[in-house]
Structures are given as structure tokens and as C-alpha cells.
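Thanks for coming. I will go through one structure today, one residue or element at a time.

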Amino acid sequence: MYAAMNTTVSEQQQLHPNVVPYWRIYRLFSALKRTALASIPIIVYLMWLPQWKWIFYVVAAYLLFHWSKDVFYIIYGVRFSYARRSYVLTKDEIVIRWGSIWSVNSSVIPLSRVQHVDIEQDVIQKKLGISEVVIVTAGDATGIVGLLEEDANKLRRQVIELAKIGETDAYNP
């Protein structure tokens, strides 16, 4: 792995297992929202355009496809995403690894480019005791979802401290 070339501050860190039910709940809410939006053409068909049966068939096929995909992800895909998601903090960068059933990706964020680090937590994450650390650079914001609250605070402090070292201090221009 790329981080092996640098001095690591921490070993490869896996996310907390509570992120699995969070991803499942989040995907279920997304599917319900998509279903509610897709029901609008069905209501139009039933109330005003009964001669346009094709609207019903198109929306039914759309919902069947997406619900099948969502159920597959909720049952199987979340396990692959959890197994393939981790991060490594080195003295120069943070390497975030993620993936799905078919791919594994990684993102390298140089700590000299970090502008600020946030901790975010929605209602479901709070209930499950997990947080998201968002690392913001000039070009992007990258999040690590699924850390315990104390681990998220620790990672945030470490990233801020390491970003302050050297002449490329983003916190003191």
C-alpha cells in the first residue's frame, strides 16, 4: 500500500461495526424516498390519464429494478463496503480506502492541503454512536463515516496537529 512508504502515525483502521446498520437504514430511506417520488406519475395515471397505461408499466419497472438493487445492497453489498473501507494516517497524508462488490478504490489526501476538519453526526448516527469526520481541502471534501465519537475526535485532533507541522501550515498562513 502507498502508506507503507511513509512513517505511519496509525495502523490501518477499520470502521466501527455500527456503520453497517447505518448504511442499511440510509439505503432504505433512499429507496422509500425514490418510491414516493416515483408514485407521482402513478397517481397522475390513476386520476387523470387512465388511457396512458405505459406510465404505470414504466414506473413499475423502474421501481422493481431499483428495489431489487437496493435489497441486494442492503443484504450483501453493505458487507463488502464495510470490509473494504479503512483509513491510514501517516505523518504526511491520510489514505482512505473504500470499495463495493466489484471495485476497491483509495484516496490520498496530503495533510499540507487540509483546510479544516469537521465532525458531523446526523440523528441515526447519534443513535448508533458513530460520527463522520470530514476532511476539507481546496478541491474537495472527503468523509470517513463510521467512527466512534471518541475515535472521530482523536482522528480530527491528529489531522489538525499533523497539518500544522512544517512550513506549509494550513492553519497559520
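Take leucine 63: is this residue buried or exposed? Leucine 63 has a relative accessible area of 15%, and the cut-off for buried is under 20%, so leucine 63 counts as buried. Keep in mind that this is a predicted model, and that the values I quote are computed from it.

Where does leucine 63 sit? Its place is in helix H2. What does leucine 63 touch, once we leave aside its neighbours within four places in sequence? The contacts are Arg34, Thr35 and Ala38. Serine 39 is 24 residues away from leucine 63 along the chain, and the two C-alpha atoms are separated by 9.3 Å.

Now the helix itself. H2 covers residues 53–83, which is 31 residues. From its first C-alpha to its last, H2 reaches 44 Å, close to the 45 Å expected at 1.5 Å a residue. There is a bend in H2 of about 50 degrees, at isoleucine 74. Isoleucine 74 is also on the list of buried residues in H2, together with Ile55, Val59, Leu63, His66, Asp70, Gly77, Val78, Ser81 and Tyr82. What do the buried residues of H2 pack against? They pack against strand E1, at 13–14, helix H1, at 19–47, and strand E3, at 93–99.

That brings us to H1. This helix has 29 residues and reaches 42 Å from first C-alpha to last, close to the 42 Å expected for it. H1 bends by about 25 degrees at isoleucine 40, and proline 41 follows within four residues. The buried residues in H1 are Val19, Val20, Tyr22, Trp23, Ala31, Ala38, Ile42 and Tyr45.

Threonine 137 is found in strand E6. Its relative accessible area is 17%, so threonine 137 is buried. Leaving aside neighbours within four places in sequence, threonine 137 is in contact with Ile109, Arg113, Val114 and Gln115.

The other one is glutamate 93, which lies in strand E3. Is glutamate 93 buried or exposed? It is buried, because its relative accessible area is 7%. Glycine 139 is 46 residues from glutamate 93 in sequence, and the two are 16 Å apart in space, C-alpha to C-alpha.

On to pockets. How much space lies in the largest pocket? The figure is about 190 Å³. The lining is made of 13 residues, and those nearest the centre of the pocket are Gln13, Tyr87, Leu147, Asp151 and Lys154. At least two lining residues are supplied by each of E1, strand E7 (141–148) and helix H4 (149–164). Which element gives the largest share of that lining? That is H4, with four residues.

Last, the confidence scores. The protein chain averages a pLDDT of 88, and 90% of the residues score at least 70. Over residues 1–5, though, the pLDDT is below 50. That stretch has 10 contacts in the model beyond near neighbours in sequence. When you look at the structure on your own screen, start with leucine 63 in H2, then follow H2 to its bend at isoleucine 74.

Conventions: Residues are numbered from 1 along each chain as its sequence is written. This is a predicted model: local features need pLDDT of at least 70, side-chain atom pairs count only at pLDDT 80 or more; totals for chains, interfaces and linings use all residues. Side-chain values use heavy atoms; hydrogens and water are left out. The expected span of a helix is 1.5 Å times one less than its number of residues. The bend at a residue is the angle between axes fitted to the seven residues ending there and the seven starting there. Buried means under 20% relative accessible area, exposed over 50%, partly exposed in between (1.4 Å probe, protein chains only). Contact means heavy atoms within 4.5 Å. pLDDT is the predictor's confidence in each residue, from 0 to 100. On a 1 Å grid over the protein atoms alone, a cavity is a set of points where a 1.4 Å probe fits but cannot get out, and a pocket is an open set with protein on both sides within 12 Å along at least five of seven lines; lining residues have an atom within 4 Å of a point. Grid points are joined across faces, edges and corners, and a volume is the space filled by probe spheres set on the points.
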